Amino acid sequence: MNLQLIKKYIAAYLSTPTTRLTTVSAPMAGIQLQNGDEESFFYSSTTDENLFFEEYGEHVYTHTYDPATRSFKTTEK
């Protein structure tokens with residue numbers, strides 16, 4: 001699983017001096033983000049290398065990377 005795209009998104013949009021990332025492999029491979037009291041879990045799509053998901057509380061977000069414009073589009077699932 002390539003987590004570089006997720007790390008790129010976090011660096012561009014969510015990173016602060018107190019942001020902590022942890023790569024996890026169980027129960028699902030991904031990246032656990034912690035920033036103060038806020039916590040999100042990011043994991044890659046198994047079918048599209050430009051797609052990944054974020055679980056934040058009760059919400060699930062879909063992030064799609066567009067290589068042509070080098071930008072991300074986010075929608076709530």
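How much space lies in the largest pocket? The volume comes to about 160 Å³, where a volume is the space filled by probe spheres set on grid points that are joined across faces, edges and corners. A pocket is defined on a 1 Å grid over the protein atoms alone, as an open set of points where a 1.4 Å probe fits, with protein on both sides within 12 Å along at least five of seven lines; lining residues have an atom within 4 Å of a point. The structure is a predicted model, in which local features need pLDDT of at least 70 and side-chain atom pairs count only at pLDDT 80 or more, while totals for chains, interfaces and linings use all residues. Residues are numbered from 1 along each chain as its sequence is written, and side-chain values use heavy atoms, with hydrogens and water left out.

The lining of the largest pocket consists of Asn2, Gln4, Leu5, Ile6, Ser44, Ser45, Asp48, Glu49, Leu51 and Phe52. Helix α1 gives the most to this lining, with 3 residues, and α1 and β4 each supply at least two. Helices (H or I, at least four residues) and strands (E, at least two) are DSSP runs, numbered from the N terminus. One of the lining residues, Ser44, is found in strand β3. Serine 44 is buried at a relative accessible area of 16%; buried means under 20% relative accessible area, exposed over 50%, and partly exposed in between, with a 1.4 Å probe and protein chains only. The C-alpha atoms of serine 44 and glutamine 4 are separated by 9.9 Å, with the two residues 40 apart along the chain.

Helix α1 spans residues 4-13, and Leu5, Ile6, Tyr9 and Ile10 are buried in it. These buried residues line one face of the helix, because they fall within an arc of 140° when seen down the axis of α1; the arc is that of the directions from the helix axis to the C-beta atoms. Gln4, Ala11 and Ala12, on the other side of α1, are exposed. The cover over the buried residues of α1 includes β1 (19-24), β2 (30-35), β3 (38-44), β4 (51-56), β5 (59-66) and β6 (71-76).

The largest nonpolar core holds 11 residues: Leu3, Leu5, Ile6, Tyr9, Ile10, Ile31, Leu33, Phe42, Phe52, Tyr65 and Phe72. A nonpolar core is a set of buried Ala, Val, Leu, Ile, Met, Phe, Trp, Tyr and Cys residues joined through side-chain atoms within 4.5 Å. Helix α1 and strand β2 each supply at least two residues of this core, and the largest share, 4 residues, comes from α1. In soluble globular proteins, nonpolar side chains tend to be buried together. Within the core, Tyr65 touches Leu5, Lys8, Asn50, Arg70, Ser71 and Phe72, residues up to four places away in sequence not being counted. Contact means heavy atoms within 4.5 Å.

Strand pairing requires that DSSP finds at least two bridges between two strands. β1 and β2 run antiparallel and are joined by 6 bridges, with asparagine 35 in β2 as the bridge partner of threonine 19.

β5 and β6 pair in the antiparallel sense over 6 bridges. Threonine 62 stands opposite threonine 75 in β6, and aspartate 66 has serine 71 in β6 as its bridge partner. The hairpin of β5 and β6 has 4 residues between the strands. Arginine 70, in the loop between β5 and β6, has a positive phi of about 55° although it is not a glycine. The relative accessibility of arginine 70 is 67%, so this residue counts as exposed.

Lysine 73 is found in strand β6 and is exposed, with a relative accessible area of 57%. Apart from neighbours within four places in sequence, lysine 73 is in contact with Thr62, His63 and Thr64. The C-alpha atoms of lysine 73 and leucine 51 are 9.7 Å apart in space, the two residues being 22 apart in sequence.
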